[in-house]
Amino acid sequence: FNMIHPADVIEKYAPDAVIGRIGGGGGGAAAAGGAVAGGGGGGITMAEVAKHNTKGDCWVVVNGQVLDVTSFLGEHPGGELSILTFAGKDATEEFN
């Protein structure tokens with residue numbers, strides 16, 4: 001048993017952070033500043049996620065879901081750096 005986060009942690013503590021999915025669906029989510037992320041119904045690309053890699057604009061991917069965790073950084077029990085290390089990236093392996 002080597003799980004860092006329980007399966008329901010996102011829906012329990014940060015449900016509003018989910019802004020879409022990689023590749024398939026959810027591409028019309030409003031990003032920081034009101035811009036629309038991704039393209040139509042095709043989902044959000046990793047190239048788009050990669051643009052959001054700062055403390056002031058932080059997206060990560062976990063299990064195919066794109067999360068805008070900018071407002072959650074200060075609340076994370078493991079500290080901001082544990083999330084910022086994966087800003088703009090797929091954090092699935094580390095998250096699970």
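Helices (H or I, at least four residues) and strands (E, at least two) are DSSP runs, numbered from the N terminus. By that rule the chain has 4 helices and 4 strands, and along the sequence they follow the pattern α-β-α-β-β-β-α-α. This is a predicted model, in which local features need pLDDT of at least 70 and side-chain atom pairs count only at pLDDT 80 or more, while totals for chains, interfaces and linings use all residues. Residues are numbered from 1 along each chain as its sequence is written, and side-chain values use heavy atoms, with hydrogens and water left out.

- The 4 strands form an open sheet in the order 1-4-3-2, with antiparallel pairing; two strands pair if DSSP finds at least two bridges between them.
- Strand 1 (18–21) and strand 2 (53–54) stand at the edges with a single partner strand each, so one side of each has no neighbour in the sheet.
- Strand 2 and strand 3 run antiparallel and are joined by 2 bridges, with N53 opposite C58 in strand 3.
- Strand 3 pairs with strand 4 (residues 65–68) in the antiparallel sense over 4 bridges, and V60 has L67 in strand 4 as its bridge partner.
- Strand 3 and strand 4 also form a hairpin with 2 residues between them.
- N63 lies in the loop between strand 3 and strand 4 and has a positive phi of about 50 degrees although it is not a glycine.

**Burial and core**

- Of the 96 residues of the chain, 36% count as buried; buried means under 20% relative accessible area, exposed over 50%, and partly exposed in between (1.4 Å probe, protein chains only).
- N63 counts as partly exposed, at 42% relative accessibility.
- The largest nonpolar core has 15 residues, of which I10, C58, V60, V62, L67, V69 and I83 touch the most other members; such a core is a set of buried Ala, Val, Leu, Ile, Met, Phe, Trp, Tyr and Cys residues joined through side-chain atoms within 4.5 Å.
- Helix 1 and strand 3 are the elements that give two or more residues to this core, and strand 3 gives the most, with 3 residues.
- T92 is found in helix 4 and is buried, with a relative accessible area of 19%.
- The C-alpha atoms of T92 and Q65 are separated by 9.4 Å, and the two residues are 27 residues apart along the chain.

**Salt bridges**

- The whole structure contains 2 salt bridges, each defined as a side-chain nitrogen of Lys or Arg within 4 Å of a carboxyl oxygen of Asp or Glu.
- One joins the side chains of E48 and K51 (3.3 Å, N to O).
- E48 is buried, with a relative accessible area of 16%, whereas K51 counts as exposed at 59% relative accessibility.
- The other joins the side chains of K55 and E80 (3.1 Å, N to O).
- K55 lies in the loop between strand 2 and strand 3 and E80 in helix 3, so this pair ties together parts that are 25 residues apart in sequence.
- E80 is partly exposed, with a relative accessible area of 27%.

**Largest pocket**

- About 470 Å³ of space lies in the largest pocket; a pocket is an open set of points on a 1 Å grid over the protein atoms alone, where a 1.4 Å probe fits, with protein on both sides within 12 Å along at least five of seven lines.
- Grid points are joined across faces, edges and corners, and the volume is the space filled by probe spheres set on the points.
- The pocket is lined by 21 residues, of which H5, F72, H76, I83 and F95 lie nearest its centre; lining residues have an atom within 4 Å of a point.
- Helix 1 (9–13), strand 3 (57–62), helix 3 (80–84) and helix 4 (92–95) each supply at least two lining residues.
- Helix 1 gives the most to the lining, with 3 residues.
- The lining divides into 16 nonpolar, 3 polar and 2 charged residues; Ala, Val, Leu, Ile, Met, Phe, Trp, Tyr, Cys and Pro count as nonpolar, Asp, Glu, Lys and Arg as charged, and the others, Gly among them, as polar.
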